[in-house]
Amino acid sequence: MSLFQSPYKALVIGASGSIGAAFLKRLQEDPLCETVIPLARTSNQADFISIHLDDEDSISRAALTVKDQGPFDLILVATGVLHGDGFMPEKRLADIDMKVLQETFTANTFGPALLLKHFVPLISARGVMALISAKVGSIEDTRLGGWYSYRASKAALNMLIKTASIELRRQKPEAMVVAIHPGTVISNLSQPFAGGANARPAKIAAEEMLATIQALEAEDSGQFFAYDGQLLPW
Ligand SMILES: NC(=O)c1ccc[n+]([C@@H]2O[C@H](COP(=O)([O-])OP(=O)(O)OC[C@H]3O[C@@H](n4cnc5c(N)ncnc54)[C@H](OP(=O)(O)O)[C@@H]3O)[C@@H](O)[C@H]2O)c1
């Protein structure tokens, strides 16, 4: 079944990840999706365009490579890190480490800021750019504590999205940029945590998020949504 009412063009940034790959597959199966271009840091597939969030040149090159095939009605950003080579999310203040902060913010905040810079201009007049954030980045909703770098990097991402939406509204009043929380999803990112046991397949999360995105109206731009369409507090 098609997601949208008329033919559309899409980009999936982070198409090598669990959620990104599920987005890509769903869009490739949609008869009304005229074009869907995957972008990722690593892939052994020839049609993937290389993009490294710690390298602005690679981001601007990727945007330039796809520009002539746009503008795009749907730009999905499914990149992010929670843990990495030799690090796990902090449990307490004493665990805070500059290298971990930098790596987490590079992937979750600074890189996406550059994605906004180079890809917002490629959104079609009524298009939407949806960046995956996380509910644990909601300041109001924070109760459990811990995960300092990840929470803060996603809270800062949310601010970038909100601010970009204000600028976008002046240029393209019908276009949108939103933050979206996928719920707990089976992936490399969630695998080491207890929540992983309750996690659902990326295919289902992608389907739910696409249904939420498809139902957005221009006035929803700059908001933070859960996969099921629920509005989340900042
Ligand atoms: N899974 C969950 O339960 C959950 C819950 C809340 C929010 N989220 C968010 O959902 C998003 C997708 O996560 P996922 O669960 O699908 O995890 P995943 O399978 O680990 O995918 C993460 C993606 O981010 C890419 N990436 C990381 N650092 C990058 C960098 N420096 N440059 C370019 N690409 C980079 C990875 O590329 P490589 O393949 O090259 O490593 C991969 O494509 C993230 O923003 C995450 O915070 C996930």
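Contact here means heavy atoms within 4.5 Å. Helices (H or I, at least four residues) and strands (E, at least two) are DSSP runs, numbered from the N terminus. Helix 1 covers residues 18–28, and its buried residues are I19, G20, A22, F23, L24, R26 and L27. Buried means under 20% relative accessible area, exposed over 50%, and partly exposed in between (1.4 Å probe, protein chains only).

I noted the source. This is a predicted model, in which local features need pLDDT of at least 70 and side-chain atom pairs count only at pLDDT 80 or more, while totals for chains, interfaces and linings use all residues. Residues are numbered from 1 along each chain as its sequence is written, and side-chain values use heavy atoms, with hydrogens and water left out.

**Overall**

I read 5 helices and 7 strands in the protein. Along the sequence they follow the pattern β-α-β-β-α-β-α-β-α-β-α-β. I checked the radius of gyration, taken over C-alpha atoms: it is 17 Å, which agrees with the value near 17 Å for a compact globule of 234 residues. The globule rule is 2.2 Å times the number of residues to the power 0.38. The C-alpha atoms fill a box of roughly 50 × 35 × 35 Å along the principal axes. Of the 234 residues, 50% are buried. Among contacts with a separation of 6 or more, 71% are between residues 24 or more positions apart.

Two strands pair if DSSP finds at least two bridges between them. In general, strands of a sheet pair through backbone hydrogen bonds, either parallel or antiparallel.

I then looked at two pairs. Strand 1 (residues 8–13) and strand 2 run parallel and are joined by 6 bridges. Strand 2 (residues 33–40) is mostly covered, with 7 of its 8 residues buried. Strand 5 and strand 6 (residues 176–181) also run parallel, joined by 5 bridges. M129 stands opposite V177 in strand 6.

**I13**

I picked I13, which lies in strand 1 and stands opposite L39 in strand 2. Is I13 buried or exposed? I13 counts as buried because its relative accessibility is 0%. Beyond its neighbours within four places in sequence, I13 is in contact with L39, I51, I75, L76, V77, A78, T79, L115 and F119. I13 and A78 are 65 residues apart along the chain, yet their C-alpha atoms are separated by 6.0 Å.

**Two backbone details**

I found a cis peptide bond between G70 and P71, with omega about 0°. P71 is in the loop between helix 2 (56–67) and strand 4.

I also found W147, which is not a glycine but has a positive phi of about 55°. W147 lies in the loop between strand 5 and helix 4 (148–171). W147 counts as partly exposed because its relative accessible area is 25%.
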